[in-house]
Amino acid sequence: MPSTSQNNPIAAIATPVGEGGIAVIRVSGKDAIAKVNEAFKGKDLTKQDSHTVHFGRILDKEGQPVDEVLVTIFQAPHSYTGEETVEISCHGGVLVTQKVLETVLAVGIKPAEAGEFTQRAFLNGKLDLDQAEAVADIIHAKSLKAVDAAHQQLEGRLGEHIKRFRQQIIDATAMVELELDFAEEDVEFANKEQLQKLLEDVDEELGNLLDTYETGRLVKDGVKTVLIGRPNAGKSTLLNTLVGKDRAIVTDIAGTTRDTIDADWNYDGLLFKLIDTAGLRETDDIVEAEGVRRSQQAFEQADLVIYLKDLSYPFSEKERVEIAAFQKRSGETPFILIGTKADIELKEDWRTEFDMRISATEGVNINELKKLLKDRALENKHYDASSLLVTSTRHRDALQKSRKHIQEALNGLAMSMTGDFLSIDLRAALNELGTITGEITNEHILDSIFSRFCIGK
Ligand SMILES: Nc1nc2c(ncn2[C@@H]2O[C@H](COP(=O)(O)OP(=O)(O)OP(=O)(O)O)[C@@H](O)[C@H]2O)c(=O)[nH]1
Ligand SMILES: [Mg+2]
């Protein structure tokens, strides 16, 4: 792809709306420097080197000063977009920033669409598509681990894997297209085995990469952690203790929480999306019954379940049955049984069945619980700090489809299908991988990706 292609210039405010020390207006495209120069009083920007910064004023059409600014110049292709780019740093007031943008637009520059700068970077070959997506992931990241995962992708780690798979598949295609006659096995047996081994390796490696998705999803989107239990068990108190503020109402009246309450909680780089729920009980109250239904619904969608049992009164047989049922229904989802109110006289022998006992009000075992939550959330998951994670459903889907085609090619090979037949699957597998890095793309994919971006990115 040419790295110097230049589109008409676009401009947008690149910093968040609000008051700040400075705000940045970014302009990119053909003749961006000359256009900004029309509204700039200071040095002649068209005569300056790339990567230089210049003090001056932005003047409106009537020659009235709009603001004092610093202007940074990037000559094509040495910019984020690969195009001529100007970044104007002005005073960070909402109105003044808007006015600088309007002044720039008035010299004949179009307002940028969401993600248009990054889309241009992609179209100009500055970034692969997965790297462009990583830029959005970094901006939207809600935990440090999510930032790490996005950085890995931005650095091209996923792209490297994809390119290696593509090369392996291209090698396999080349073997197939030598028009091997697999029907005569005794003649071509060596090649057939080699081809089979190559495809099996790709299949296995695709499988390994796909296995990281479950962790990748938790790291990127957060661990949906649902607190359930009987009314008054201390669910809302624990939520408040974990997030460190009074997010949910706590009273000694059973049935206080009526609706599910969400709160984000970051621990050791991982985001937990905590969901406090209405206490489980049979009730004639319509509102509370709806709350209990929502508790069940939240449970169904959980990545981690915490069942809280008040230790200050003994188990009823019914509650035991209820807990066992929840535990069973959790299936593969980690399920933690916590005894609460450990600061008061215990009526229950917690050691026999509880993962931990805590007192949220007295801070007993809260740090231990936090650690337990993280360990259980990531147990049996592929995670170490340096490992590459697949975090996007788009990438996962493409990897799955690609793998399916590889497996179909392997089946075809086992059934001694002809080379024509096998190459159809191999090409399809290649195409799927190409959609991840953007070698193969279409407007629909690009729109859905770049519309997630902010304007100005
Ligand atoms: N002593 C003691 N009391 C606690 C502790 N945790 C919660 N409580 C008390 O137990 C009562 C119920 O707490 P909540 O957090 O509202 O319980 P809940 O499970 O959210 O209850 P519902 O919303 O009704 O389902 C309140 O009076 C809390 O102060 C604890 O660790 N020790
Ligand atoms: Mg509550």
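Reader: In this predicted model, which residues of helix α8 (residues 213-221) are buried?

Author: The model is predicted, and burial here requires 20 or more other C-beta atoms within 10 Å of a residue's own. In helix α8, which covers residues 213-221, the residues that are buried are Y213, T215, G216, L218, V219 and K220.

Reader: Which residue just after α8 takes a positive phi, and of about what value?

Author: The residue in question comes just after the helix α8. It is G222, and its positive phi is about 95°.

Reader: How are helix α6 and helix α14 oriented relative to each other, roughly parallel or roughly antiparallel?

Author: The axes of α6 (residues 157-176) and α14 (residues 419-437) come within 10 Å and cross at roughly 165°, and α6 passes α14 in a left-handed crossing. Angles over 145 degrees count as roughly antiparallel. The two helices, α6 and α14, are therefore roughly antiparallel.

Reader: How do the residues of the contact of α6 with α14 divide by class?

Author: On the α6 side the contact includes I162, F165, R166 and I169, which meet residues of α14, among them L422, L426, R427 and L430. The residues of this contact divide into 11 nonpolar, five polar and two charged.

Reader: Which helix gives the most to the shell around ligand 1?

Author: Ligand 1 is surrounded by 24 residues, the closest being G234, S236, T237, T257 and G279. By class, this shell has seven nonpolar, 13 polar and four charged residues. With three residues, the helix that gives the most to the shell is α9 (residues 235-243).

Notes: Residues are numbered from 1 along each chain as its sequence is written. Chains are lettered from A and ligands numbered from 1 in the order in which they are written. This is a predicted model: local features need pLDDT of at least 70, side-chain atom pairs count only at pLDDT 80 or more; totals for chains, interfaces and linings use all residues. A residue is near a molecule or strand if its C-beta atom, placed from the backbone, lies within 6 Å of it. Helices (H or I, at least four residues) and strands (E, at least two) are DSSP runs, numbered from the N terminus. Ala, Val, Leu, Ile, Met, Phe, Trp, Tyr, Cys and Pro count as nonpolar, Asp, Glu, Lys and Arg as charged, and the others, Gly among them, as polar. A residue is buried if 20 or more other C-beta atoms lie within 10 Å of its own, exposed if 12 or fewer, and partly exposed in between; C-beta atoms are placed from the backbone. Axes are lines fitted to C-alpha atoms, for helices over the stretch in contact, and angles run from 0 to 180 degrees between N-to-C directions. Angles under 35 degrees count as roughly parallel, over 145 as roughly antiparallel, 65 to 115 as roughly perpendicular and the rest as oblique. A crossing is left-handed if the near helix is turned anticlockwise from the far one by less than a right angle, and right-handed if clockwise. Two residues are in contact if their C-beta atoms, placed from the backbone, lie within 7 Å.
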